[in-house]
Amino acid sequence: MATTLEIPTRTQVGIIGGGPAGLLLAQLLHQQGITAVVLENRSRQRVESRQRAGLLEQGTVDALREAGAAERLDREGLFHEGVILSYNGQRHRIALTELTGGAGVTIYAQTEVVKDLIAQRLATQQPLLFEAEATHIEGLTTDSPVIHYALDGQQHTLACDFVAGCDGFHGIARRTAPEGFFKTYDKTYPYCWLGIIAQVPPSTDELIYAFHERGFALHSMRSSERSRLYVQCDVTDTVADWPDERIWAELHLRLGTAGWTLSEGPILEKTITPMRSFVTAPMQYERLFLAGDAAHIVPPTGGKGLNMAVADTRQLFEALRTHYQDGDNRGLLDYSAACMRRVWRVQEFSNYMTELLHRNPEKSAFDQHLQEARFQLLTTSRAASQVVAENYVGLAARRASEAAEWPLPQAL
Ligand code: APR
Ligand code: PHB
């Protein structure tokens with residue numbers, strides 16, 4: 001257990017999960033004088049060492065700035081004005097800033113975002129309990145739900161006004177509603193990603209997403225010294241199936257194009273990520289609000305997971321702020337609907353990017369020709385490229401979220 005604070009038994013917002021969603025929500029609330037307790041079942045060391053994606057939309061950078069957690073991000077983040085798509089060696093650049101009126105993306109690892117948010121939370125001396133596992137929630141239909149959690153081998157309770165379920169895909173929050181209340185929708189893909197971090201300067205200034213008949217590959221980066229690369233692999237593969245030489249050979253082939261070479265370097269880490277699309281609807285049950293991976297998962301093509309978690313968090317924060325400061329419950333009542341409009345837009349884009357760029361052994365020859373025709377459309381149509389650009393930088397999702405009118409106020 002990693003806190004020196006007294007263990008609180010009552011707060012305004014009980015937050016389950018100390019990933020990006022839970023930590024950011026806690027900080028935004030704290031800035032408005034709204035109290036929260038974050039319960040995180042892993043150790044600080046474990047949370048800070050999980051490797052995830054690293055692509056931040058402008059809205060995500062803005063949210064981290066608003067939270068005062070962007071000092072290192074502003075120094076170390078790499079702003080990208082474009083992204084490259086490749087089809088069997090034929091490259092097409094999507095000019096993000098040009099096509100979106102100035103928006104781009106920032107490369108900065110999610111792990112670093114989490115480290116920054118943890119350091120900030122601890123510096124404010126607000127409660128963040130590590131190795132505190134929420135076990136169940138009761139009283140969600142009352143105005144004072146209670147989270148039960150285990151810490152240091154003892155059971156504790158935390159009473160609150162609202163519960164924020166920010167506990168990721170495997171969390172307990174989603175399972176707290178009565179059976180059948182939350183509907184789930186999902187899709188799995190017949191391939192995985194093998195990701196590496198290599199100690200070598202990136203061979204490209206902009207990300208390269210490549211379709212190749214041997215499978216997908218992605219060249220991303222972490223800094224001027226470190227590259228982040230991925231190759232599509234089989235669902236049954238383990239890292240033992242991928243010795244370094246095999247990884248580099250496939251990366252050369254899949255990312256390659258005339259006149260360009262990929263530099264190799266020592267591989268520091270290898271991990272395999274499954275590819276899944278998953279949606280829970282609605283995202284609220286009584287006084288429980290789900291945010292981030294607790295409510296939805298996207299395949300990593302397009303890098304949307306963290307950005308969706310942050311967009312949910314902003315929406316939930318704003319709804320809680322107006323509830324506490326103005327006595328206005330409309331944001332809370334509309335939270336799920338506003339999120340869902342955005343979530344399905346992002347699901348569609350993540351699925352589009354995934355299907356555009358992977359080799360799917362289950363697809364017919366006809367479908368494979370369609371896949372290539374979709375890529376060729378991007379190379380010949382500015383309008384098609386603009387659609388990809390607007391989705392990639394997050395503009396399309398923001399518009400979807402803002403599309404509907406606020407519903408009439410109702411009692412909470
Ligand atoms: N009690 C307390 N904490 C829990 C519990 C529990 N019962 N169950 C899970 N957690 C914690 C996990 O240990 C994890 O740290 O909840 C946290 C959820 O964090 P994330 O999985 O990072 O989810 P989120 O904050 O929604 O961020 C979404 O993370 O998985 C990536 O691709 C995803 O980039 C996206 C981002
Ligand atoms: C990453 O840098 O890890 C990354 C970037 C873009 C993606 C996925 C992952 O689409």
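Of the 14 residues around ligand 2, those that come nearest are Tyr209, Ser220, Arg222, Tyr230 and Gly303 (a residue is near a molecule if one of its heavy atoms lies within 4 Å of it). This is a predicted model, in which local features need pLDDT of at least 70, side-chain atom pairs count only at pLDDT 80 or more, and totals for chains, interfaces and linings use all residues. Residues are numbered from 1 along each chain as its sequence is written, chains are lettered from A and ligands numbered from 1 in the order in which they are written, and side-chain values use heavy atoms, with hydrogens and water left out.

**Ligand 2**

- Polar contacts are pairs of N or O atoms within 3.5 Å.
- The backbone takes part through Pro300, which has a polar atom 3.1 Å from an oxygen atom of ligand 2.
- On its own, ligand 2 has 280 Å² of accessible area, and the protein covers 100% of this (Shrake-Rupley method, 1.4 Å probe).
- The shell around ligand 2 is made up of eight nonpolar, four polar and two charged residues. Here Ala, Val, Leu, Ile, Met, Phe, Trp, Tyr, Cys and Pro count as nonpolar, Asp, Glu, Lys and Arg as charged, and the others, Gly among them, as polar.

**Cavities**

- Rolling a probe the size of a water molecule over the atoms shows where empty space is left.
- A cavity is a set of points, on a 1 Å grid over the protein atoms alone, where a 1.4 Å probe fits but cannot get out; lining residues have an atom within 4 Å of a point.
- Among the 14 residues lining the largest cavity, Ala53, Gly54, Leu55, Leu218 and Ser220 are closest to its centre.
- Ligand 2 sits in the largest cavity, as more than half of its atoms lie within 2 Å of the grid points.
- The second largest cavity has a volume of about 50 Å³, and its lining includes Gly19, Pro20, Arg50 and Gln110.

**Ligand 1**

- Ligand 1 is surrounded by 26 residues, of which Glu40, Arg50, Gln110, Asp293 and Leu306 are the closest.
- An oxygen atom of ligand 1 lies 2.9 Å from a polar side-chain atom of Asn41, and a nitrogen atom of ligand 1 lies 2.9 Å from a backbone N or O atom of Ala134.
- The protein buries 89% of the 710 Å² that ligand 1 exposes when taken alone.
- The shell around ligand 1 has ten nonpolar, nine polar and seven charged residues.

**Second largest pocket**

- A pocket is an open set of points with protein on both sides within 12 Å along at least five of seven lines.
- The second largest pocket holds about 690 Å³ of space, and Ala311, Arg314, Gln315, Ser401 and Glu402 are the closest to its centre of the 31 residues that line this pocket.
- Helix 8 gives the most to this lining, with ten residues (helices are DSSP runs of H or I, at least four residues, numbered from the N terminus).
- The lining of this pocket has eleven nonpolar, eight polar and twelve charged residues.

Technical notes
A polar contact is a pair of N or O atoms within 3.5 Å; within protein, one must be able to donate a hydrogen and the other to accept it, and residues adjacent in sequence count only if both atoms are side-chain atoms. Grid points are joined across faces, edges and corners, and a volume is the space filled by probe spheres set on the points. Helices (H or I, at least four residues) and strands (E, at least two) are DSSP runs, numbered from the N terminus.
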